[in-house]
Amino acid sequence: MNRNGIKWDREETILAYDLYCRTPFGKIGQNNPDIIELAELLGRTPGSVALKMHNLAHYDPELRKRNVTAMAHGSKLDGEVFEEFSKNWTDLSYQAQLIRAKKQNMDIGEVIDIQDIEQIPSGGYREQMMKERVGQYFFRMSVLNSYGKRCCVTGLSKSSLLIASHIKPWRVSDEMTERTNPSNGLCLNAFHDKAFDIGLITLDKNYCIVVSKELKNAEMDLKTRDWFMGYAGKQILLPDKFLPGRDFIEYHNNMIFQG
């Protein structure tokens, strides 16, 4: 169905916002394969979808501070969707996948890989598990893409070695506002992810790397020490959106970092 020229509805806007969160700002354009795919699903042009994503960016507070979205003009619906789901990231990802499945006449398990979810009996627990799996996928893709699929410490771009690390751990994060919030994430290589997870490194308020005394005093060969300590005091590579939340960094400083 051709919907060009027809006003965007709520479901379409949710899909556009979900894709916006998972797309580097600099790659929002009509030639992006993901945007082309969504345009085909909605019966709209890639240019129309890209424009809608730019309009949603109008409400992104971090981008507005940088005056990145000065030419964008969001609608009332855009603002409502942005406001609603920026306070409930898990529901954004889940609702988007339900909408996508409905439009493709498919089950949500066919739209996104939820692995062994079919083995769980239907009911509230199964739905909760589905939300959790979809939310984890959304978090990983949003974080990695915001950092251009590069480790924010080393610049490593090998995807198989990259992890979307939580700043405030999943187990203590609020389900709606923190667990799948891209601002609660860092793109790290597996080694620095482990060091960050157990508090051997952290970030300061300027996004610079702080190395703990525990790590400084650990035995290691000279090359490893030079490699590890070489990043101390240096600012991480910042994402093009979803800057690490200062509240999350403060939590990591106070509760995780070993000092």
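## Helices α1 and α6

Let's start with α1 and α6, whose crossing is left-handed (the near helix is turned anticlockwise from the far one by less than a right angle). Helices here are DSSP runs of H or I with at least four residues, numbered from the N terminus. This is a predicted model, where local features need pLDDT of at least 70 and side-chain atom pairs pLDDT 80 or more, while totals for chains, interfaces and linings use all residues. Residues are numbered from 1 along each chain as its sequence is written, and side-chain values use heavy atoms, leaving out hydrogens and water.

Helix α1 spans residues 10–21 and α6 residues 89–103; their axes lie 9 Å apart at an angle of about 120 degrees (lines fitted to C-alpha atoms over the stretch in contact, with angles from 0 to 180 degrees between N-to-C directions).

## Helices α2 and α3

Now for α2 (residues 33–42) and α3 (residues 46–57): their axes come within 8 Å and cross at roughly 110 degrees. The two helices are therefore roughly perpendicular to each other.

Here Ile35, Ile36, Leu38 and Ala39 of α2 meet Pro46, Val49, Ala50 and Met53 of α3. The contact has eight nonpolar residues, with no polar and no charged ones.

## The largest pocket

The largest pocket has a volume of about 350 Å³ (the space filled by probe spheres set on its points, joined across faces, edges and corners). A pocket is an open set of points on a 1 Å grid over the protein atoms alone, where a 1.4 Å probe fits, with protein on both sides within 12 Å along at least five of seven lines; lining residues have an atom within 4 Å of a point.

Its lining has 18 residues, with Pro61, Glu62, Asn181, Ser183 and Leu243 nearest the centre. Two or more lining residues come from each of α4 (61–65) and α12 (246–256), and α12 gives the most, with three.

Notes
Angles under 35 degrees count as roughly parallel, over 145 as roughly antiparallel, 65 to 115 as roughly perpendicular and the rest as oblique. Contact means heavy atoms within 4.5 Å. Ala, Val, Leu, Ile, Met, Phe, Trp, Tyr, Cys and Pro count as nonpolar, Asp, Glu, Lys and Arg as charged, and the others, Gly among them, as polar.
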